[in-house]
Amino acid sequence: MSVRRIWASLSTLAIAAVAAIGVAGPASAADSAAAGGYVALGDSYSSGVGAGSYLSDSGDCRRSTAAYPYLWQAANSPASFDFVACSGATTSSVASSQLGVLNASTSLVSVTAGGNDVGFADVMQDCVLGSEATCLASVDAAVGQMNSTLPGSLDALYEGIRAGAPQAQVVVLGYPRFYQLSGSCIAGLSEAERAAINNASDVLNDVLAKRSADAGFTFSSVVDEFTGHELCSGDAWIHSVTVPIENSYHPKAAGQSGGYLPAFRSAV
C-alpha cells in the first residue's frame, strides 16, 4: 500500500500556517502589560491544539495549559486573564464570539487568525489525499484568497479589537513554515508540494504583517523560532498526520513553549 493511501485512511485533517518578523520590546514592557488585563484571542494555534493538557471547561475549543497564552500569564501574572482562543476559529468567528471579553482595562491582546479563512485544512487534505497537481492547485487557490478577500477580513477583525480594547497593545502572531526542504522525510508529499505549502505560509504571513502594521498592531513571526524544528527536520515541533486527527499540522507542546512563547514574549 502506498504512503499516500496509508495517510488517506486517516481521513480529514486540520491546520493553519505561516510567519514573518519578530519585534522585541523593552524589558519593562512585560511588567506594563501584566499591570492590566491580558486577552488571548484566535484559532487553534493560540488555543493550543496539539499540545495536550486541555482545560476541562474548554470543550472542542481545546484550550491548553501548554499553549503560549497560558504559559505567558503563568509567568507574568496579569491583573486578569481571558483565554478565549478556539479551535477552528476564523476572523469572523473571532470577531463575533471572542471580542466580548475586551474592555478599557485590557492592556494586552494576542491573536492568531487567518489560516482557517483561506481553507488550509482543506488544502492539507487535498495535498495528503490527492495528486501533486491537486495539491498545487489547492495551494494556489488559497494564495488567491490571501491576496483578495483575507485583507478585508483581517481589517474588520482588527478594527473590532481596537474598538473593544482602545488602550491595549495588540500582538498578531504568524504561523510557522511546515517543512524543512531537502530534509529527512523519505515519503509523503513531494518536494514541490512541500515548497508550495511553505510559500503559501510566507504569503499569509506577509498579509498578516501588512494588515497588522496598518492597524497599529505588532506583528511577531514564529518562523525563526521554528527553523530547525519543521517537519522533515528530525526534531519537529509540529505534528504530521497523526491520531487524534485534529492534532495534525499543529504545534506540539515544544512548539508552543519553544516557538510561540518566545515570539510573543519578544513582542511584549
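Trainee: Are α8 and α9 parallel or oblique to each other?

Mentor: They are oblique to each other. Keep in mind that this is a predicted model. The axes of α8, residues 150-164, and α9 come within 10 Å and cross at roughly 40°. That angle lies between the limits of 35 degrees for roughly parallel and 65 for roughly perpendicular, so the pair counts as oblique.

Trainee: What is the handedness of the crossing of α8 and α9?

Mentor: The crossing of α8 and α9 is right-handed.

Trainee: Which residues of α8 and α9 meet there?

Mentor: From α8 you have L150, P151, L154, D155 and Y158. Facing them in α9 are L204, V207, L208, R211 and S212.

Trainee: Switching to the sheet, what is the order of its strands?

Mentor: The order is β2-β1-β3-β4-β5, in an open sheet of five strands with parallel pairing. The edge strands are β2 and β5, and each of them pairs on one side only. From one strand to the next, the twist averages 15°.

Trainee: Which strands does α8 touch?

Mentor: α8 packs on the sheet and touches β1, β3 and β4. The direction of α8 makes about 150° with that of β4.

Trainee: What holds paired strands together in general?

Mentor: Backbone hydrogen bonds do the pairing in a sheet, either parallel or antiparallel.

Trainee: Let's look at β1. How many of its residues are buried?

Mentor: Six of its six residues, 37-42, are buried. Both faces of β1 are covered: one side carries G37, V39 and L41, and the other carries Y38, A40 and G42.

Trainee: And how many bridges does β1 make to β2 and to β3?

Mentor: With β2, residues 80-83, β1 pairs over four bridges in the parallel sense. With β3, residues 106-112, six bridges join the two strands, which again run parallel.

Trainee: Which bridge partners does A40 have?

Mentor: In β2 the bridge partner of A40 is F83, and in β3 it is S110.

Trainee: New topic: aromatics. How many aromatic pairs are there?

Mentor: The count comes to 15 aromatic pairs. In one of them, the ring centres of Y45 and Y175 are 5.2 Å apart and the planes are at 75°, so the pair is edge-to-face.

Trainee: Where do Y45 and Y175 lie?

Mentor: Y45 lies in helix α3, residues 44-47, while Y175 is in the loop between β4 and α9, so the pair ties together parts that are 130 residues apart in sequence. Both Y45 and Y175 are buried.

Trainee: What about Y45 and Y260, how do their rings sit?

Mentor: Y45 and Y260 also form an edge-to-face pair, with 6.1 Å centre to centre and 70° between the planes. Y260 lies in helix α11, residues 253-267, and Y45 in α3, so this pair ties together parts 215 residues apart in sequence.

Trainee: Is Y260 buried or exposed?

Mentor: Buried: the relative accessible area of Y260 is 0%. Y45 also counts as buried, at 0% relative accessibility.

Trainee: Which residues do ring pairs link into a cluster?

Mentor: The cluster takes in Y38, Y45, Y68, Y70, W72, F81, F83, Y175, F226, W237, Y260 and F264.

Trainee: α11 came up just now. How do α4 and α11 cross?

Mentor: Their axes come within 9 Å and cross at roughly 65°. The crossing of α4 and α11 is right-handed. Y68, L71 and W72 of α4 make the contact with Q256, S257, Y260, L261 and F264 of α11.

Trainee: Last one: where is S64, and what is it in contact with?

Mentor: S64 is in the loop between α3 and α4. At 0% relative accessibility, S64 counts as buried. Leaving aside neighbours within four places in sequence, S64 is in contact with S47, G48, A51, G52, S53, Y54, Y70 and F83.

Trainee: How far apart are S64 and S47?

Mentor: They are 17 residues apart in sequence and 6.1 Å apart in space, C-alpha to C-alpha.

Methods: Residues are numbered from 1 along each chain as its sequence is written. This is a predicted model: local features need pLDDT of at least 70, side-chain atom pairs count only at pLDDT 80 or more; totals for chains, interfaces and linings use all residues. Side-chain values use heavy atoms; hydrogens and water are left out. Buried means under 20% relative accessible area, exposed over 50%, partly exposed in between (1.4 Å probe, protein chains only). Two strands pair if DSSP finds at least two bridges between them. Rings of Phe, Tyr and Trp (its six-membered ring) pair if their centres lie within 6.5 Å; planes under 30 degrees apart count as stacked, over 60 as edge-to-face and the rest as tilted. Axes are lines fitted to C-alpha atoms, for helices over the stretch in contact, and angles run from 0 to 180 degrees between N-to-C directions. Angles under 35 degrees count as roughly parallel, over 145 as roughly antiparallel, 65 to 115 as roughly perpendicular and the rest as oblique. A crossing is left-handed if the near helix is turned anticlockwise from the far one by less than a right angle, and right-handed if clockwise. Contact means heavy atoms within 4.5 Å.
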